[in-house]
Amino acid sequence: MDALEALHSRSSVPRLSEPLPSPQMLENIYKAAFRAADHAVLRPWRFLLIKGDARLRLGDLFVDAGLANDASLNSTAQEKLRRKPMRAPLIVVCISCYKPHPKVPQIEQDLSAAAATQNMLLAAFAQGVGAMWRTGSLAYNAVVKGGLGLSADEKIIGFLYIGTIDGGTKQLCEPDIQAHFQEW
Ligand SMILES: Cc1cc2nc3c(=O)[nH]c(=O)nc-3n(C[C@H](O)[C@H](O)[C@H](O)COP(=O)(O)O)c2cc1C
């Protein structure tokens, strides 16, 4: 797919299924992260790849986080948390890793990690691979962060769900360019 076509038509895919995209497709997705704008080329990111049975461990961690928040969480709610990682064959945990630098404040590093994440979404879309960026309170939860091994200078900026497109893709409407771009 042409780059402009991907940029103008990318959309998220909430319903994802097996199989996992091919190793070549996945490498293309991961490689795209490195072309994010990145002040001082700090590479202020890292990504955890969670697939197969590791998703069950992530589900358990989500339940632990839920119970730490509310010890009376009922079994239905626990099961809902446990099943979240099973929504796709691969979850990429996108982590912004702050590296103290005299010219690059933390916000710029977070933005760079977000740009790397968006690049991966685009690389997935360009290859016909389904993907969706999710967060929710679990992304900001201390139990989840600890269980995934994050340090104090790291934050989860998203869970990228990746897999085979299951169902149709949505119709896009024409963007209102004038409403968001004004001459000054
Ligand atoms: C940082 C971030 C976190 C997001 N978290 C969620 C989420 O937890 N749940 C959700 O339904 N959409 C979430 N979204 C939005 C979707 O990824 C998606 O962009 C939105 O549904 C619009 O669809 P589109 O990407 O096809 O335009 C998040 C987006 C960003 C940038």
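Because the model is predicted, local features were considered at pLDDT of at least 70 and side-chain atom pairs only at pLDDT 80 or more, whereas totals for chains, interfaces and linings use all residues. Residues are numbered from 1 along each chain as its sequence is written. Helices (H or I, at least four residues) and strands (E, at least two) are DSSP runs, numbered from the N terminus.

Two helix pairs were examined. Helix α2 (residues 23-33) packs on helix α5 (residues 106-126) at an angle of about 150 degrees, the axes being 7 Å apart; here axes are lines fitted to C-alpha atoms, for helices over the stretch in contact, and angles run from 0 to 180 degrees between N-to-C directions. This angle makes α2 roughly antiparallel to α5, given that angles under 35 degrees count as roughly parallel, over 145 as roughly antiparallel, 65 to 115 as roughly perpendicular and the rest as oblique. On the α2 side the contact is formed by Asn28, Ile29, Ala32 and Ala33, and on the α5 side by Ala116, Asn119, Met120, Leu122, Ala123 and Ala124, two residues being in contact if their C-beta atoms, placed from the backbone, lie within 7 Å. By class, this contact of α2 with α5 comprises 8 nonpolar, 2 polar and no charged residues, where Ala, Val, Leu, Ile, Met, Phe, Trp, Tyr, Cys and Pro count as nonpolar, Asp, Glu, Lys and Arg as charged, and the others, Gly among them, as polar. The crossing of α2 and α5 is right-handed, a crossing being left-handed if the near helix is turned anticlockwise from the far one by less than a right angle, and right-handed if clockwise.

In the second pair, the axes of helix α3 (residues 54-69) and helix α4 (residues 75-83) come within 7 Å and cross at roughly 140 degrees, which makes α3 oblique to α4. The crossing of α3 and α4 is likewise right-handed. Gly59, Asp60, Phe62, Val63 and Gly66 of α3 meet Ala77, Gln78, Leu81, Arg82 and Arg83 of α4, and the residues of this contact divide into 4 nonpolar, 3 polar and 3 charged.

The shell around the ligand consists of Ser11, Ser12, Met132, Trp133, Arg134, Thr135, Gly136 and Gly158, a residue being near a molecule or strand if its C-beta atom, placed from the backbone, lies within 6 Å of it. Strand β4 (residues 130-134) supplies the largest share of this shell, 3 residues. By class, the shell holds 2 nonpolar, 5 polar and 1 charged residues.

Glu18 and Pro19 are joined by a cis peptide bond with omega of about -5 degrees, and Pro19 is found in the loop between β1 (16-17) and α2. The loop between α2 and β2 (45-51) contains Ala40, whose phi is near 70 degrees, a positive value in a residue other than glycine. Arg43, in the loop between α2 and β2, has a positive phi of about 50 degrees although it is not a glycine.

Ala40 is partly exposed, with 14 other C-beta atoms within 10 Å; a residue is buried if 20 or more other C-beta atoms lie within 10 Å of its own, exposed if 12 or fewer, and partly exposed in between, with C-beta atoms placed from the backbone. Arg43 is also partly exposed, with 16 other C-beta atoms within 10 Å. Leu42, in the loop between α2 and β2, counts as partly exposed with 17 C-beta neighbours inside 10 Å. When residues up to four places away in sequence are not counted, Leu42 touches Lys99, His101, Val104 and Gln109, and its C-alpha atom is separated by 9.1 Å from that of Tyr98, 56 residues apart along the chain.

Phe47, placed in strand β2, is partly exposed, with 18 other C-beta atoms within 10 Å. Leaving aside neighbours within four places in sequence, Phe47 is in contact with Val92, Val93, Cys94 and Ile95, while the C-alpha atoms of Phe47 and Ile156, 109 residues apart along the chain, are separated by 9.5 Å. Lys170, in the loop between β5 (154-165) and α7, is exposed, with 10 other C-beta atoms within 10 Å. His180, in helix α7 (residues 177-180), counts as exposed with 7 C-beta neighbours inside 10 Å.
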